[in-house]
Amino acid sequence: MTVNAAATEPVARLIGVTKRIGSKTLVGDLTLDIPAGQVFGFLGPNGAGKTTTIRMMVGLISISRGDIVIGGRSIKTNFEEAVAQVGAIVENPEMYKFLTGYQNLKQYARMVSGVTKQRIQEVIELVGLGSRIHDKVKSYSLGMRQRLGVAQALLHRPKLLILDEPTNGLDPQGIRELRDYLRRLCREEGTTVFVSSHLLSEMELMCDSVAIIQNGKLIDVRQLKSEEGGQAQGRKFVFDVDNVQSAQALIGGTVKDAAIVVQTVREDIPELNAKLVSGGVKVYGIKEVVVSLEDQFLEMTGGEGIE
Amino acid sequence: MSKFSSLVHNENIKIYSRTRTWIMLLLLAVFSVLMPVLMYVSSSVESRPGMWDGFQITVSVIFYLNTIFTVVIASDAVAGEFSWGTIKLLLIRPWSRSKILLSKYISMVLFSLLTTVLLVVCAYAASLILLPSGRDVFSRSGWSPEAYSAMFVLCRYAELFLTAALAFMVSSVFRASGLAIGLSLFIIFVKNIFITIFNPDRYEWANYLPFSHMDLSGYLVSNTGPGGATLGFSIAVLAAYYAVFLLLSWIVFSRRDVAG
């Protein structure tokens, strides 16, 4: 039991976190546990307070009210020990352009203990920078800077890796690689990854769970990689028919965009179809509605952006 | 935890990896040698200044350059990190902001010591070689030329030290290196005009401004400074301003929200 309790202890807890600047509340009373060993998404439209929250988590800005606890240490009262367990990139990874990639990593390696030469080499290989690591950072492309950013965040084997919009400016291949090594990191080294984004489709592929934030308020936390069976009876099907009214009279359901949407199980589809056909309704197509995270998100946020 | 000295080492790397730092050091060495050379070629054998006079003239002129270069480094210490955006990665290490600021201040002072030693060595060597036969005519009121020159360098360094602290403060309060450089240089050059207009002999309050106290070398030949001040009073005024500058940098840097 005790072992289990330790394993499920969240890596980071945000407890009623509030950030106020003047009379404006950027983040209001945000309470969130980030479970260990997951890729945890932090989703919200631009200006929702994602970056503000992340800046508070790493101590770049002060917390107006509430607290953030990382690995049992408060970022407010025990900053050095709390932040030692965190590796982060906040917005774009800005490096010293007049130094080489390697010299940049050495800068950060010197600031913590126990980062050996081998570890630096290991991290360089993990992010795939190769021999370019010895070039000056000013010659790097955005993708390479992003990789160097991830490398500096991983140097000291943090328990919690925080990435703010890491896919910004990456090409599709770069995004795919990033996704793959974040998942690998999570699986192999047990690192918890906290990643913010406004790209829903990306988050869907990358994350185990997501928290959704809007206008500084947490509006939902949900599991993405849940067991398939859970939603068996909740599936929706669209019947593309010529006469919506008579179709609705025959099989019920709701009218949407000149088609009928019926909530049912897979086994009942042929029967419904037969009903329609025998009732004289022409059926052009039947397909399942896959509710993507994007639809759910837009549904929840009402499709609105910044307040 | 790693050691505090590695923070200072990091800051030193940031200073000395940049080409402009080496250009500044080179310029300083060249001008320190050039002054005695100019004195040598522009005068006949009879009117040539003596070695210690030549050294003192060189130091007093080239120290302006030394101050400017130190101010450039001091101004970039904090403001540079903000304009590069690297401050976000620097402040999320397991070190308190006070220690990071201190490491920056120490590396800046180390730079100023290096430039001062470079200047003194170059100026001394050039004066020694080029002006060995001239006669020293400057009044030194009982000091030996060696001791007087050493004290003179010390006084000029004190002035540089305070100006650099001002630049460092502006750099961390306003995060703008241009403003820090501009303001510090403005004070260096306007200081004397200010003293002329608001003479501390006529205006009591002017005694509490740092301007008339920044040049301590007057005390080498006289016991009273401008406005009847004593050496102790001048040092106290300078120390108070110094403490205020560093305190302001520290308060603002350690509390500031790093956003945008």
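This text walks through a predicted model of two chains, from confidence to fold to interface.

The model is predicted, so local features need pLDDT of at least 70, side-chain atom pairs count only at pLDDT 80 or more, and totals for chains, interfaces and linings use all residues. Residues are numbered from 1 along each chain as its sequence is written, chains are lettered from A and ligands numbered from 1 in the order in which they are written, and side-chain values use heavy atoms, with hydrogens and water left out.

Start with confidence in chain A. The pLDDT (the predictor's confidence in each residue, from 0 to 100) averages 85 over chain A. A score of at least 70 is reached by 89% of the residues. Helices (H or I, at least four residues) and strands (E, at least two) are DSSP runs, numbered from the N terminus. Among the elements of chain A, helix 4 (residues 101–110) has the highest mean pLDDT, 96. Helix 1 (residues 2–8) of chain A has the lowest, 48. Over residues 1–6 of chain A the pLDDT is below 50, and beyond near neighbours in sequence this stretch has zero contacts in the model. A contact means heavy atoms within 4.5 Å. Residues 227–233 of chain A also stay under 50 in pLDDT. For them the model has four contacts beyond four places in sequence.

Now the fold of chain A. Its secondary structure comes to 11 helices and 14 strands. Chain A has 307 residues, and 48% of them count as buried. Buried means under 20% relative accessible area, exposed over 50%, partly exposed in between (1.4 Å probe, protein chains only). Take the contacts in chain A between residues at least 6 apart in sequence: 65% join residues at least 24 apart. The domain assignment gives domain 1 (5–223) and domain 2 (236–289) of chain A. Such bounds come from an automatic or database domain assignment. The centres of domain 1 and domain 2 of chain A, taken over C-alpha atoms, are separated by 47 Å.

Arg157(A) is not a glycine, yet its phi is positive, near 45°. Arg157(A) sits in the loop between helix 6 (142–154) and strand 7 (160–164) of chain A. Glu165(A) is not a glycine either, and has a positive phi of about 45°. Its place is the loop between strand 7 and helix 7 (172–189) of chain A. Glu165(A) counts as buried because its relative accessibility is 12%.

Turn to chain B. Helix 8 (residues 231–255) of chain B has 25 residues. From first C-alpha to last it reaches 36 Å, close to the 36 Å expected at 1.5 Å a residue. The expected span is 1.5 Å times one less than the number of residues. The buried residues of this helix are Ser234(B), Val237(B), Leu238(B), Phe245(B), Ser249(B) and Phe253(B). They pack against helix 3 (51–84), helix 4 (87–90), helix 5 (97–130) and helix 6 (145–174) of chain B. An α-helix has 3.6 residues a turn, so residues three or four places apart point the same way.

Next, the interface. Here 32 residues of chain B are in contact with 27 residues of chain A. The area buried between the chains is about 2800 Å², of which carbon and sulfur atoms give 58%. Buried area is the accessible area (1.4 Å probe) that two parts lose on being put together, summed over both. In chain B, Lys88(B), Ile92(B) and Arg93(B) lose the most area to chain A, together 24% of what that side buries.

Which salt bridges cross between the chains? A salt bridge is a side-chain nitrogen of Lys or Arg within 4 Å of a carboxyl oxygen of Asp or Glu. Between chain B and chain A the count is two. Lys19(A) and Asp257(B) meet at 2.6 Å, N to O. Lys19(A) counts as buried because its relative accessibility is 3%, while Asp257(B), at 27%, counts as partly exposed. Lys88(B) and Glu91(A) meet at 3.9 Å, N to O. This pair runs from helix 4 of chain B to the loop between strand 6 (86–89) and helix 4 of chain A. Lys88(B) is buried at 7% relative accessibility, and Glu91(A) is partly exposed at 32%.

Within chain B, Glu159(B) and Lys191(B) form a salt bridge at 2.3 Å, N to O. Glu159(B) lies in helix 6 and Lys191(B) in helix 7 (residues 177–197) of chain B, 32 residues apart. Both are buried.
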